[in-house]
Amino acid sequence: MITISRRQILISGIFLWLFAVAGTTLVTLTEYSSREAIIENERQLLLRNLYALLPRDKLDNDIAEDILELPASPLLGTDTASIVYRARLAGEPVAAIFNSIAPNGYSGKIHLLVGVYDTGKLAGVRVVKHAETPGLGEAVEIRKSPWIKSFDGKSLTNPGPSGWQVKRDGGEFDQFTGATITPRAVVSAVRNTLLYYQQNVDMIFKQ
Amino acid sequence: MTTSREISRDGLWGNNVALVQLLGLCPLLAVTSTVVNGIGLGIATLITLVLSNTIVSLIRGFVRKEVRLPVFVLIIASVVTIIELSMQALFYDLYLVLGIFIPLIVTNCAIIGRAEGFASRNPVGPAALDGLMMGLGFLVVLALLGALREIIGFGTLFANAELMFGDGAQTLTIEFNKDYPGFLLAVLPPGAFFGLAVLIVAKNWLDLRPREKQEIIEPAPETA
């Protein structure tokens, strides 16, 4: 039988503690020195995504800072608060870019950025995060297929309510070979975002 | 005493992490849908292995037996977190692709396996070399499996290379056939298992062939 003296236990304990302190210190130092670069990277990515929807010359405000927190809404597909980015030119509203969610993707939620001009027309839509099938539903990504651009310029009246579906359901938007569920989810999420905008446009640009 | 030659042979071939020890399969199977992803995870694992082996070897004289495993886990977890943060600061686009897999490196048993099995019993030099060679062996398998799945699944090679090597690398991408319809099975998880199986078969086949030759034709004296 092995016996361990109290002294050995104490030494081991202190040793382990020292290592925990050293490890935590190193991680903290790294976090501290990389924090600014990481925040800047995230900001650049956000700006890149936002400017992909809105040409730079259409706005003159700092769109990444001109934000408003929206409460959870079934039309946006959100169950927690989400952020809307507001684009203005000389102080006048130009467009709003929503973080909306298509909750009914083939494998879970599809996170979207939906840009809406103040005229109610779509500036554009991009998928920012999803877990759809590679090679099939994945085509909602701009890197894989131009499909997502078919929303550009559309509005609640163009096409009308029956057109806001995939072709298989009698609407205007293409589905993909072998994948209908993903585009169906995106189409309905985009339409819901437009509805949300229509109902809340005054509140969004009030401040 | 193991020579550096033996260490290199072991890591790259004889005791290859992925093909012989079959360790770290979770990240291996998850990320290898393209070569670039495979290489990215391979490099991250390689750096982790070298650093963790070096540190473990440096402290091997002080660590008491009872607490060595928690200490190793602490070291590996710290190293991985530091790599993750640095990658987020320096190679953000790559981080966006590999981000969710980096924490998985902690669960790669190969790393604690080398710490416990080799680094804690050997001097710093051999320990670091072992980390490097084991890491390289793993990296090569990740890249090969990625290449296999990417060619069969997408009909391309080195797609998205610019994520890792900068914009100039866009020209690296090879597209074999514009109209290739793609073969989904190779991209989905089953394709990873099939691909790995093919690689293991190929390795065993290569291992068995020359030995037969040597034994039959020339029972030559062993070379060092």
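Predicted model: local features only at pLDDT ≥ 70, side-chain atom pairs only at ≥ 80, totals over all residues.
**Burial, chain B.** Of the 224 residues in chain B, 42% are buried.

**Elements, chain B.** Next I listed the secondary structure of chain B and found 10 helices and two strands. I then wrote down their order from the N terminus: α-α-α-α-α-α-α-β-α-β-α-α.

**Contacts within chain B.** I looked up the contacts in chain B with a separation of 6 or more. Of these, 77% join residues 24 or more positions apart.

**Chain A against chain B.** Which residues does each chain bring to the contact, and how many? Chain A gives 17 residues and chain B gives 19 residues. I sorted the side of chain A that touches chain B by class and noted 10 nonpolar, six polar and one charged residues.

**Domains, chain A.** I turned to the domain assignment of chain A, which gives domain 1 as 1-53 and domain 2 as 58-205. The C-alpha centres of domain 1 and domain 2 of chain A lie 38 Å apart. I also checked where these two domains of chain A touch: seven residues of domain 1 are in contact with 10 residues of domain 2.

Technical notes
Residues numbered from 1 in each chain as written. Chains lettered and ligands numbered in written order. Domains from an automatic or database assignment. Nonpolar A, V, L, I, M, F, W, Y, C, P; charged D, E, K, R; others polar. Helix = DSSP H or I, 4+ residues; strand = E, 2+ residues; numbered from the N terminus. Buried ≥ 20, exposed ≤ 12 C-beta atoms within 10 Å, placed from the backbone.
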